[in-house]
Amino acid sequence: MHDELTAATVRTWVDGWARTREYEVVHEGTSHTVGPRTEHGDSETVLFRWSEDELRRATSSVAGNPGHLLTLISEVGEAPPALGETGDLELISDQERLMVTDMELQDVEAPIVPDSCTVARETFDGWTLLTVIQAGRVVTRGRMAVVDGCAVLDRIYTASTHRRRGLGTFVTRTLLAIAHEHDVDTGLLVATGRGVELYEHLGWTPLADVRVLGAPGARNRRRPSHAQIDEELG
């Protein structure tokens, strides 16, 4: 079970999140560096229960690279690092939450497909992409990877023209039903802003606060890389 905030839980989430984006991961204790397999694209370092030395090294690395982000995972309500501890880094987001659910509480059967929609399921190297199509247009999709008995959900996003129709809930429940095809006991995801309330309604519980920092002028300053955003859907 990954229903407690431990180093193993954070590592599992990092592995699953990276897998759905086909990123590489380098683990060094409670520090995890994630980035694309090519030299192009943004990367980030994820820290949990960090030492002063680990935070200092990570801060230095991020400060010199506007394409690199620093993500800090901490207990819900835990005070963030003091301003001086992160140097000149700027806060990008403190609105994300790592959330957990007990898979025994989630339906094994997928929900009924919404009217006038079709669903496409694609399986890649260790992860699944679920896409909802209406009138020939992709309106919602989400991703899921199974890591160490845990279903890690990512980028569940609905086009702005099709929100408040239950499509995000449909994708979430369907991905969890797919996860039940494996031996899973826990679900993990990172939710942003109002998404936290939605997932709480679906049986998820906040497990950790997620803070994202970057160098002054960093790319993705308004949108952390693991937020539930899908640029192609608008």
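**Cysteines.** I began with disulfides, taken as pairs of cysteine sulfur atoms within 2.5 Å, and the count came to zero. I noted that the model is a predicted one, in which local features need pLDDT of at least 70 and side-chain atom pairs count only at pLDDT 80 or more, while totals for chains, interfaces and linings use all residues. Residues are numbered from 1 along each chain as its sequence is written, and side-chain values use heavy atoms, with hydrogens and water left out. Cysteine 117 is buried at 12%, and cysteine 150 is buried at 0%.

**Sheet.** I took helices (H or I, at least four residues) and strands (E, at least two) as DSSP runs numbered from the N terminus, and I let two strands pair if DSSP finds at least two bridges between them. On that basis 11 strands form an open sheet of mixed pairing, in the order β1-β2-β3-β4-β11-β5-β10-β9-β8-β7-β6. The edges are β1 (23-28) and β6 (117-123), each of which pairs on one side only. From one strand to the next the twist averages 20°, with axes being lines fitted to C-alpha atoms (for helices over the stretch in contact) and angles running from 0 to 180 degrees between N-to-C directions. I also followed one pairing in detail: β7 (residues 127-134) and β8 (residues 137-147) run antiparallel over eight bridges, and glutamine 134 stands opposite arginine 137 in β8.

**Helices on the sheet.** For contact I required heavy atoms within 4.5 Å. Helix α1 (residues 7-20) lies across several strands, among them β1, β5 (90-102) and β10 (186-192), and runs at about 135° to β8. Helix α2 (residues 52-63) lies across β1, β3, β4 and β11, at about 150° to β4.

**Salt bridges.** Counting a side-chain nitrogen of Lys or Arg within 4 Å of a carboxyl oxygen of Asp or Glu, I found seven salt bridges in the structure. Aspartate 53, partly exposed at 38% relative accessibility, meets arginine 56 at 3.2 Å, N to O, and these two residues are three apart in helix α2, about one helical turn. Aspartate 53 also meets arginine 57 at 2.2 Å, N to O; this pair lies four residues apart in helix α2, and arginine 57 is partly exposed at 49%. I next looked up arginine 173, whose closest N to O approach to aspartate 107 is 3.1 Å. Arginine 173 lies in helix α3 (residues 167-179) and aspartate 107 in the loop between β5 and β6, so the bridge ties together parts that are 66 residues apart in sequence. Through shared partners, salt bridges join Asp53, Arg56 and Arg57 into one network.

**Aromatic pairs.** I paired rings of Phe, Tyr and Trp (its six-membered ring) when their centres lie within 6.5 Å, with planes under 30 degrees apart counted as stacked, over 60 as edge-to-face and the rest as tilted. The search of the whole structure gave four such pairs. Tyrosine 199 and tryptophan 204, with centres 6.0 Å apart and planes at 70°, are edge-to-face. Tyrosine 199 is buried at 5% and tryptophan 204 at 2%. Finally, I noted that ring pairs link Trp13, Trp17 and Tyr23 into a cluster.

Key: Buried < 20%, exposed > 50% of the residue type's maximum accessible area, 1.4 Å probe, protein only.
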